[in-house]
Amino acid sequence: MSGVSSEELGTQPIGKLLIQQAVPASIGILVMSLNILVDTIFVGNWIGPIAIAAINVVLPVSFFIAALGMAIGIGGSSIISRALGASQKEKALKTFGNQITLTLLVTCAMVVLGLYFVDTLIPAFGGKGGIFEPAKIYYTVVLYGIPFLALCMMGNTVIRAEGKPRFAMIAMIIPSVGNLLMDYVFIYVFDWGMLGAAWATTGGYLLCFGYIFWFFLSPNSELKIHWHHFGLNRYLLKEIGGLGFVTLARQAVTSITFLLMNNILFELGGEAMVAVYAIIGRMLMFALFPVFGVTQGFLPIAGYNYGAHKYERVKKSIYIAIKYAALVASLVFILLMIFPAEITGLFLSDRPDLSPEALATNAFVLEHTPSAMRWVFAATPIIALQLIGAAYFQAIGKAIPALLLTLTRQGFFFIPLILILPNFFGELGVWVSFAIADVLSTLVTGYYLKKEIDRTLVVNS
């Protein structure tokens, strides 16, 4: 049940290790993505398409605050993996304690600010017209649970750094299943509407936190911290912050992207067009789960072996991870190109009691989403190189190239494209921007990854 010990990250065959790490990660991401997907289907069928748009408006804000926990987790976990590889156990323990303290301080402060500026943030992220009130209801309740989600995301990365991917998988499954069960009770049975959807989401976060808290107290974890480990160390904070800023910057750019997309699409087609993007956004989270799983599985392997100076194993892990990720990305691409209309239909209600406005929104979404989905996923087969390449620099503790490559797709290419192309091509310009940004960022990442491999891994092998 415990997966592998941290020492085995440096001894077992890379292919076998990657499968051991990636499969549980993929399953966990799959269940979490299914939760988001089914949650959206429930909301769309039991509340309505405007409710889907309302949740999509809230996601950038809540995800950004939660991403603070993930950023601290990934930044610290890179240190922990390399420390364990170099047999520096005390450094790993001190890093973990600092991660917990920092996550609590930062996310609680952000929640206070998020609640104070609620009436400003929601319209800024596209929560206008009929979207505002349901978005505010959802946002307010979910924000209270964000510190627990941040601790979960931080703790999950540390579990992976220990070489315990199955426990990390369970930590992702528990809140997803809990959320869906509470969705049924709160929305369908109690008829709480958006309030029910919000409490179901927050309840899932609390369940996840309870499980992760148990894990680190149990004999399954190697990291048994004490009170003195919670005291902040400025050198560790600097390293955690430098590496974690890569993840945080990525989420910040993602939040800005949501802000721009929701506002641009609202101007192009109103609430219904925002709903189109909401469905595509869910598919971006769901459909690529195996690619993200391979990336998650790759991180501790690369970090541990780099820390142990086993450079030939690091190089091999890069090539195998790209190969595996590219294979599953191609399968995802084929499915999405063939069945976009059927996928879109899952999110829409066919109840006979729908209002004329809801029926019109459903018809608009069903007409526009399939072609948009094909454009958004057009470059999916090549994104493996982009994801693994950026992740590699983060795994080995090189924050600046990791940051730049992480920002390449959305920050350097996608955002400028969606600000320019819709002026000439309208709605099509928005969707084409996804594919163009993927191609350009993959070319840039491939160039710098090859340069780094030749300079560091080949020379030292």
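Reader: Where is the place of serine 81?

Author: Serine 81 lies in helix H2, which covers residues 49-85. Helices here are DSSP runs of H or I with at least four residues, strands are runs of E with at least two, and both are numbered from the N terminus. The model is a predicted one, in which local features need pLDDT of at least 70 and side-chain atom pairs count only at pLDDT 80 or more, while totals for chains, interfaces and linings use all residues. Residues are numbered from 1 along each chain as its sequence is written, and side-chain values use heavy atoms, with hydrogens and water left out.

Reader: Is serine 81 buried or exposed?

Author: Serine 81 counts as buried because its relative accessibility is 4%. Buried means under 20% relative accessible area, exposed means over 50%, and partly exposed is in between, using a 1.4 Å probe and protein chains only.

Reader: Which residues does serine 81 touch?

Author: Leaving aside residues up to four places away in sequence, serine 81 touches Ala161, Pro300, Gly303 and Tyr304. A contact means heavy atoms within 4.5 Å.

Reader: And asparagine 98, where is that found?

Author: Asparagine 98 belongs to helix H3, residues 89-116. Asparagine 98 has 0% relative accessibility and therefore counts as buried. Its contacts, not counting residues up to four places away in sequence, include His229, Phe230, Asn233 and Ile240.

Reader: Changing topic: how many residues has the largest nonpolar core?

Author: The largest nonpolar core has 103 residues. Such a core is a set of buried Ala, Val, Leu, Ile, Met, Phe, Trp, Tyr and Cys residues joined through side-chain atoms within 4.5 Å. Among the residues with the most contacts inside this core are Met261, Phe298 and Trp431. Helix H8 (residues 234-287) gives the most to this core, with 19 residues.

Reader: What does methionine 261 touch?

Author: Methionine 261 touches Tyr277, Phe414, Ile418, Val430, Trp431 and Phe434, again without residues up to four places away in sequence. There is also a second, separate core of 36 residues, which includes Ala51, Val141, Ala278 and Met285.

Reader: Now the whole protein: how many helices and strands are there?

Author: The protein has 16 helices and zero strands. Its radius of gyration is 21 Å, close to the 23 Å that the globule rule gives for 461 residues, so the protein is as compact as a globular protein of that length. That radius is taken over C-alpha atoms, and the rule is 2.2 Å times the number of residues to the power 0.38.

Reader: How much of the protein is buried?

Author: Of its 461 residues, 60% count as buried.
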